[in-house]
Amino acid sequence: MKIGIIGAGRIGCALAAHAVRTGHVVMISNSRGPESLREKAAGLDCLAGTAEEAAAFGEVVFVAIPFKNREAIPVQPLVGKVVVDANNYYPYRDGQIETLDKLQTTTSEMLARVLAGARVVKAFNAIMQADLETHGRPRGDPQRRALPIAGDDAAALQVVAALVDAFGFDPVDAGKLSQSWRFERAKPAYCIPFRVPDLKRALAAAQRDVELPDGSWRRQT
């Protein structure tokens with residue numbers, strides 16, 4: 001399968017490495033253009049392009065950029081495609097977003113509104129880059145880590161669940177995009193390594209208006 005990746009930071013490159021390892025053809029992109037990615041692309045054994053080219057190239061497209069830059073994502077090339085939203089809202093980086101601060105929506109619902117016509121699935125946002133690179137294990141391994149996903153399109157969820165599995169993790173369906181807040185930043189399931197039963201409990205225990213202390217998840221990986 002052809003996979004486009006918009007965002008060539010740590011998470012984007014970790015996803016690219018998994019995708020190449022599992023037999024997919026990958027194009028990475030960033031805001032500075034493909035020339036700035038020549039070395040990275042060679043190291044990952046993938047292609048480099050503009051964000052527009054990566055969006056057009058991919059049958060599935062990962063978005064792993066600062067959330068404040070969501071309006072810069074090409075819209076038309078993504079219509080009808082599965083878009084994997086690996087973004088998180090960090091107010092210190094992205095600026096205060098009132099509808100998120102007031103708990104009126106989720107990051108993925110906001111992205112889905114920007115990318116009208118795309119089939120958005122929230123995934124790979126609730127894992128640190130180093131863990132994404134090293135925690136993957138074969139299916140059936142008793143220590144295999146679980147990762148949450150959420151989306152409104154059942155077929156798109158299946159596509160993303162298969163990628164999560166192929167990359168070495170057990171996918172756990174957390175519900176619709178409206179429920180994706182359960183594994184956003186500072187919730188009990190955010191970036192903490194759980195196996196399936198414990199992840200399900202963490203998702204269920206999440207409270208909309210309660211956050212973990214900032215950065216606490218970094219001490220538990």
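Student: Which residues have the most contacts inside the largest nonpolar core?

Tutor: This is a predicted model, in which local features need pLDDT of at least 70, side-chain atom pairs count only at pLDDT 80 or more, and totals for chains, interfaces and linings use all residues. Residues are numbered from 1 along each chain as its sequence is written, and side-chain values use heavy atoms, with hydrogens and water left out. A nonpolar core is a set of buried (under 20% relative accessible area, 1.4 Å probe, protein chains only) Ala, Val, Leu, Ile, Met, Phe, Trp, Tyr and Cys residues joined through side-chain atoms within 4.5 Å. The largest one has 35 residues, and those with the most contacts inside it are Ile 28, Phe 62 and Phe 124.

Student: Which element supplies the largest share of this core?

Tutor: Helices (H or I, at least four residues) and strands (E, at least two) are DSSP runs, numbered from the N terminus. Among the elements that each supply at least two core residues are strand S1 (2-6), helix H1 (10-21) and helix H8 (154-166). The largest share, 6 residues, comes from H8.

Student: Is Arg 185 buried or exposed?

Tutor: Arg 185 lies in the loop between strand S8 (170-173) and helix H9 (196-205). A polar atom of its side chain lies 2.7 Å from the backbone oxygen of Tyr 89. Because its relative accessibility is 14%, Arg 185 counts as buried.

Student: Which residue in S6 is the bridge partner of Asp 85?

Tutor: Two strands pair if DSSP finds at least two bridges between them. Strand S5 (residues 82-85) and strand S6 (residues 119-122) pair in the parallel sense over 4 bridges. In S6, Asp 85 has as its bridge partner Lys 122.

Terms used
Buried < 20%, exposed > 50% of the residue type's maximum accessible area, 1.4 Å probe, protein only. Polar contact = N/O pair within 3.5 Å; in protein donor to acceptor, adjacent residues only side chain to side chain.
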